Amino acid sequence: MVKRVGMEVSIAAAEAVKQANVDVISAYPITPQTHIVEHLSELVANGELDAEFFCVESEHSALSVCVGAAATGARTFTCTSSQGLALMSEITYIASGLRLPMLMIISNRTISAPLSIWNDHSDTMSIRDCGWIQFFVENGQEVYDHVFVSYRLSEDRNVLFPVIINMDGFILSHVIEPIQLIEQGKIDQFLPPYQPVHRLHPDHPVTMGAFALPSIFAETKKAQEEALRSSMPKITETWKAFGEMTGRYYHPVETYKTEDADTLLVTMGSFGETASVAVDKMREEGRSVGLIKIRLWRPFPFEAFKLATQHAKKLVVIDRAISVGACGPVASEVKAALYGNDQRPSVYNFVAGISGRDVTPSDFGKMVDKAEIEIDEGNKEGFEIYGVRG
Amino acid sequence: MTENLNVFAVRTLTQKEYFAPGHRSCQGCAEALAVRLVAKALGRNVIIAAATGCMEIVSSPLPYTSWRVPWFHVAFENTAAVASGIESALKVLMRKGRIPNKKIVTLAMAGDGGTADIGLQALSGALERGHNFLYVCTDNEAYMNTGIQRSSSTPFGASTTTSPVGRVQMGQVTWKKNMPAIAAAHNIPYVATACPSYPIDLVQKVKKAANIEGPAYVHILSVCPTGWRSIPELSIKLGRLAVETGIFPLYEVEKGQYRLNIDFPKLKPVKEYIRIQGRFRHLTEEMIEEIEKRVHKEYEQLRTRSGKGV
């Protein structure tokens with residue numbers, strides 16, 4: 001029987017990690033990620049989860065422990081936020097360069113300074129190019145579901161990349177939502193124990209983490225790049241298999257009321273649900289507005305994005321981070337995706353909701369209004385920080 | 001007596017090489033010798049986590065490797081954390097029956113920079129958590145791999161590229177960090193110092209450390225002719241002089257109890273050690289005297305701790 005239970009999203013995430021039968025968990029506490037590790041430590045303390053659990057002395061070590069354990073053939077988990085992610089960033093690149101499967105949940109939080117514990121995407125954008133498969137989720141159910149999707153994908157021998165699930169800190173991590181739990185039997189079938197191709201073991205000695213001279217480095221990077229790009233069909237395949245098991249289907253780029261829409265909002269993460277309320281209202285008013293939600297951030301779904309936006313005239317891209325001195329990171333990605341098209345929409349970029357500032361449905365309405373006017377007046381590449389004083 | 005026995009007893013070590021010949025270390029590199037002896041001591045049932053540094057660079061140019069045992073390099077400062085991960089994975093996978101149950105030693109290996117400087121936090125964390133692993137620091141007293149920059153393990157007075165001899169400063173102005181004491185302060189079951197100039201002592205300590213339940217730390221002085229500006233064929237002699245002058249005493253700390261392994265009632269003058277190294281050539285008689293005073297004081301402290309003092 002499928003159980004629908006009200007629980008805090010962080011707890012749901014931890015429950016999923018338990019159901020995924022992880023072997024080694026290593027983390028360092030940081031707000032707003034803490035509830036995930038707290039719950040996992042309870043599960044281990046109560047004997048409900050048979051795993052090695054370590055509260056290490058830094059995030060750098062947290063990920064390093066996972067790297068060591070994954071190379072030895074264990075299924076590993078870590079989670080972090082903000083400064084913690086910045087501290088472990090060195091190892092994020094190494095984990096993917098070594099093609100080690102693992103899962104990290106990021107409760108997205110602002111990067112200092114000024115210090116702020118609240119939500120935005122500046123933490124995860126700082127490691128955008130680290131070579132992990134990177135998902136953004138919209139609600140608690142998606143966090144829970146993506147734990148299983150991520151492990152299966154990550155450990156697939158045709159993939160072998162670490163995976164990040166980005167969930168908005170507080171906005172998702174600390175709210176109570178109804179979660180449809182999946183029966184353990186189904187999960188065990190969907191996600192059998194990890195069988196590595198190579199592992200650190202004396203019976204079959206391997207050298208991992210050798211250094212590369214310029215004469216071979218580029219070839220190894222090309223191999224990594226091609227492998228991450230070609231993981232795309234595996235990602236959709238894994239979502240399909242998950243959908244067949246649960247009835248919940250996911251896609252790299254998701255659309256909401258985009259049919260014949262002239263203007264499309266583009267969001268990532270929990271913005272999606274709020275923006276959809278705004279779209280409903282604008283549609284009621286007879287306006288031609290739809291919504292695009294980017295679920296898969298890396299590898300970037302260029303084809304799916306182009307397909308989803310092919311009939312649009314205006315895109316209103318809402319970023320939750322700033323590339324200081326340029327624009328929002330999603331907007332620059334979107335522009336790059338569309339550049340090759342002969343007919344391409346104008347892109348107006350807002351940065352909104354940084355450091356957890358509320359963005360309501362009416363704010364999305366206002367941003368669409370403003371963007372449409374600006375574009376009509378000829379400002380076809382606008383960028384602004386929304387709702388800011390001064 | 002002990003010394004002479006050591007010279008011949010080395011032939012009793014296994015002929016098997018787990019750190020294969022043909023690596024790229026400099027002539028007279030005592031660190032490579034230390035690593036070779038550590039590998040011999042541990043045999044094939046080991047997994048090595050290695051830090052960035054000389055030993056990583058000389059042994060693993062893709063697609064080649066000098067390692068006949070599983071070997072893993074991740075980064076510079078996190079070797080103890082990587083080893084923690086390996087040890088935990090072995091433990092849980094054996095418990096769950098996913099790999100066969102057998103004794104596999106987890107060895108973390110780093111230089112003095114990777115241990116006493118940038119890796120100290122990760123090491124402290126791993127020692128405190130009590131992982132069942134062995135950490136070996138091969139100490140050549142500076143960042144040799146990047147071109148002889150000073151570390152906190154560089155001895156007082158030594159000239160390096162970042163503690164140069166200038167008009168107002170004469171090499172390293174700080175005293176060598178006492179890394180074994182820091183490891184021992186974690187109340188781990190076993191800490192030892194060793195030097196490849198005393199190969200049997202080194203091998204015995206590494207074997208003992210590997211068989212102890214819980215974290216063990218072995219600090220190995222590794223003569224570096226390139227960085228110390230010494231003659232390569234003097235490396236073994238320099239290691240011996242470091243011990244005989246009291247500059248690098250060989251001792252163990254077992255469950256908190258210090259034991260000086262080779263005691264010298266009369267230490268050789270530190271000058272004998274210092275005067276054959278280019279890194280110390282600028283030292284004045286007064287500076288050498290100052291060094292000797294400090295060496296003698298610390299040696300006496302160690303003797304007292306070992307129950308051999310007056």
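Analyst: Strands (E, at least two residues) and helices (H or I, at least four) are DSSP runs numbered from the N terminus, and two strands pair if DSSP finds at least two bridges between them. The model is predicted, so that local features need pLDDT of at least 70 and side-chain atom pairs pLDDT 80 or more, whereas totals for chains, interfaces and linings use all residues. Residues are numbered from 1 along each chain as its sequence is written, with chains lettered from A and ligands numbered from 1 in the order written.

User: Which residue in E2(B) stands opposite Thr207(A)?

Analyst: Strand E9 (207–208) of chain A pairs with strand E2 (residues 71–73) of chain B in the parallel sense, over two bridges. Within E2(B), the residue opposite Thr207(A) is Trp71(B).

User: Which element gives the most to the side of chain A that touches chain B?

Analyst: With contact meaning C-beta atoms, placed from the backbone, within 7 Å, 39 residues of chain A meet 42 residues of chain B. Elements that each supply at least two residues of chain A's side include strand E3 (52–55), helix H3 (59–71) and helix H4 (82–97). The most, nine residues, comes from H3(A).

User: How is H1(A) oriented to H2(A)?

Analyst: Helix H1 (residues 9–19) and helix H2 (residues 34–45) of chain A pack with their axes (lines fitted to C-alpha atoms over the stretch in contact) 8 Å apart, at an angle of about 45°. Because angles under 35 degrees count as roughly parallel, over 145 as roughly antiparallel, 65 to 115 as roughly perpendicular and the rest as oblique, H1(A) is, relative to H2(A), oblique.

Key
Axes are lines fitted to C-alpha atoms, for helices over the stretch in contact, and angles run from 0 to 180 degrees between N-to-C directions. Two residues are in contact if their C-beta atoms, placed from the backbone, lie within 7 Å.
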